[in-house]
Amino acid sequence: MTSYDYIIVGGGSSGCVLANRLSENPAHKVLLIESGRRDADPWIHIPATFFKVLGKGIDIHPYASNPDKGMNGRPSIVPQGNVLGGGSSVNAMIYIRGHRNDYDTWSQMGCQGWSYDDVLPAFRSLENNERLNGQFHGRTGSLRVSDPRHRHPLSEAFVKAATEIGIPHNDDFNGTDQAGVGFYQSTTHGGRRWSSAQAFLREAEKRPNLTVFTERKVARILFEGQRAVGVELLDGTTFRASREIALTAGAIATPKILQLSGVGDGAHLSSLGIKVVADLPGVGANYQDHLEVPVQGETHEPISILGHDTGLRAVGHMLRYLTSRRGLLASNVVECGGFVDTAGTGQPDVQFHVLPVLIGFVDRDPEPGHGLSIGPCYLRPRSRGWIRLKSADPKDQTDFNANLLSDPADIETLVRGVETAIRILDAPALAKLVKRRVLPKPGVEKDPEALRDYIRQSAKTVFHPAGTARMGRANDRLAVVGSDLRVRGVEGLRVCDASVMPTLVSGNTNAPTMMIAAKAAAFMTGKAISG
């Protein structure tokens, strides 16, 4: 059995950060195991073409939940990165950390050392921001963060329309105040995607003490007594870890690996013939995700990006991109959006993702036209689901019950979000461009039950699963890890990805997941974070 000091299971956003920081010490022998392939597809690295990567389906794993009552019997399809860089190689590159209160709430829930003031240095240590600096931002990290190189006219019109209904403009959603509308910064540099693999793994791969395996799937963690000592792959190959094993496989895969390893609800594991190593019923519980609902308007003129990926227009865009790294292909497509407090609590509860194209068609003409899509997304879901094994066979699918929209409060937040998006669509800056609202059909918003049914029928994930191995107090039986991310009841094992979030952050989860990995590396090496 080949031995390493540290084994990292999952080469995604968090795994790449962890591989970099653990291998900084040449005395540490580190192994990173990724189930997907290398991030060699050129479409990954051109910002606007991430839709091609998602469409090809090679570098993602499309997890499907059980049919969900809260979504009118539809399953939730949750694509997750299955490639070096993970989600950061296939996402829309939006750089958002969440709201200050998210982390202060974690601290109040017993996660000592995870308040906003505690996590800010970790964010700053990772970041290299091309425009922003000072108290909230870093300029020396490896993660490049930049302003849009392209601003579509429909994106500009959305921002103006939102301000026309009284939403303030905000040019830094990660600064003093999250609320407002504007253009998102993204994890891009010089017109290229700057994934976690690009930011952290490329540098680390030059070190002789780091080994990276791709297209190798971990079946389970191996234990000697209560100590995690290695991993077993699906093909039976085993590797030993003399110090620690870090699970960074994501909020859907991580709880599956834990349960297959004997860490989870003891009664359930025993019923499947799995030897129980640690009876932790919280493994796989507390599943949460962000959902958004389409609000769409068709434009008078053919000004959206529809059709720009074919024919001579596509050739022109590529030539401009190759010669200048600018133009439409340098765009992350989801260029703008914002955060709105629809409930009057003093903290935004809805985020908007805006695309200058009609997508996600529901109950409309089969041929798409030109237009824009506004996606109001709830930020702090109350609904909770679970992920449990169906058998002891690692190749079997899990019992994935997302349980989305089971809490009525989540529906009401989306109702307010849709109503706000309609007001923006009707504001002068967009009204002069939009000839008709496509979704929801005009009049639906006047019938509360019809609007709620539209939400249940059309809501979809924005790919932010979290919470399935959450942090918590020592006396919290459903907490899987402590504040140091060590798995309870065992030694030598930590979870270092979005699974540990007690509650979802208010925004996109890529940057927070990398922050979690940075703090995990500090715990594992004892090296303080300077940021």
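Predicted model: local features only at pLDDT ≥ 70, side-chain atom pairs only at ≥ 80, totals over all residues.
Residues are numbered from 1 along each chain as its sequence is written, and side-chain values use heavy atoms, with hydrogens and water left out. Helices (H or I, at least four residues) and strands (E, at least two) are DSSP runs, numbered from the N terminus.

The account begins with two strands. Strand β1 covers residues 2-9 and strand β2 covers residues 30-33; the two run parallel and are joined by four bridges. Strands are said to pair if DSSP finds at least two bridges between them. One of these links involves Tyr6, whose bridge partner in β2 is Val30. Within β2, Val30 and Leu32 point one way, Leu31 and Ile33 point the other way, and all are buried. Here buried means under 20% relative accessible area, exposed means over 50%, and partly exposed lies in between, as computed with a 1.4 Å probe on protein chains only.

Five of the five residues of β18 are buried, so the strand is largely enclosed by the rest of the structure. Cys336, Gly338 and Val340 point one way from β18, while Gly337 and Phe339 point the other way. Strand β18 pairs in the antiparallel sense with strand β7 (residues 180-183) over four bridges. It also pairs in the antiparallel sense with strand β19 (residues 350-355), over five bridges. Phe339 takes part in both pairings: this residue of β18 is the bridge partner of Gly180, and Phe339 also stands opposite Gln351 in β19.

Helix packing comes next. Two packed helices are described by the angle between their axes and the distance between the axes. Axes are lines fitted to C-alpha atoms, for helices over the stretch in contact, and angles run from 0 to 180 degrees between N-to-C directions. Helix α1 (residues 13-23) and helix α14 (residues 510-525) have axes that come within 8 Å and cross at roughly 30°. The two helices are therefore roughly parallel to each other. Angles under 35 degrees count as roughly parallel, over 145 as roughly antiparallel, 65 to 115 as roughly perpendicular and the rest as oblique. The crossing of α1 and α14 is right-handed, a term used if the near helix is turned clockwise from the far one by less than a right angle, with left-handed used if the turn is anticlockwise. The contact between them, where contact means heavy atoms within 4.5 Å, involves residues of α1 including Val17, Leu18 and Leu22, and residues of α14 including Met514, Ala517 and Ala521.

Helix α4 (residues 100-108) and helix α5 (residues 116-126) pack at an angle of about 120°, with their axes 8 Å apart. That angle makes α4 oblique to α5. Arg100, Tyr103 and Asp104 of α4 make the contact with Tyr116, Asp117, Val119 and Phe123 of α5.

Helix α10 can be considered by its length. Its 14 residues, 311-324, should span 20 Å at 1.5 Å a residue, and the end C-alpha atoms are 20 Å apart, which agrees; the expected span is 1.5 Å times one less than the number of residues. Arg325 follows α10 and has a positive phi, near 55°.

Individual residues complete the picture. Gly266 is found in helix α9, residues 266-271, and counts as buried at 9% relative accessibility. Gly266 touches Val276 and Asp279, not counting residues up to four places away in sequence. Gly266 and Val276 are 10 residues apart in sequence, and their C-alpha atoms are 5.9 Å apart in space.

Several loops also hold residues of note. Leu358 lies in the loop between β19 and β20 (371-378) and, at 4% relative accessibility, counts as buried. Asn286, in the loop between β15 (278-279) and β16 (291-292), has a positive phi near 65° and is buried, with a relative accessible area of 14%. Phe463, in the loop between β24 (460-461) and β25 (493-495), has a positive phi near 70°; Phe463 is partly exposed, with a relative accessible area of 36%. Finally, a cis peptide bond joins Leu439 and Pro440, with omega about -20°, and Pro440 is found in the loop between β23 (434-439) and α13 (448-458).
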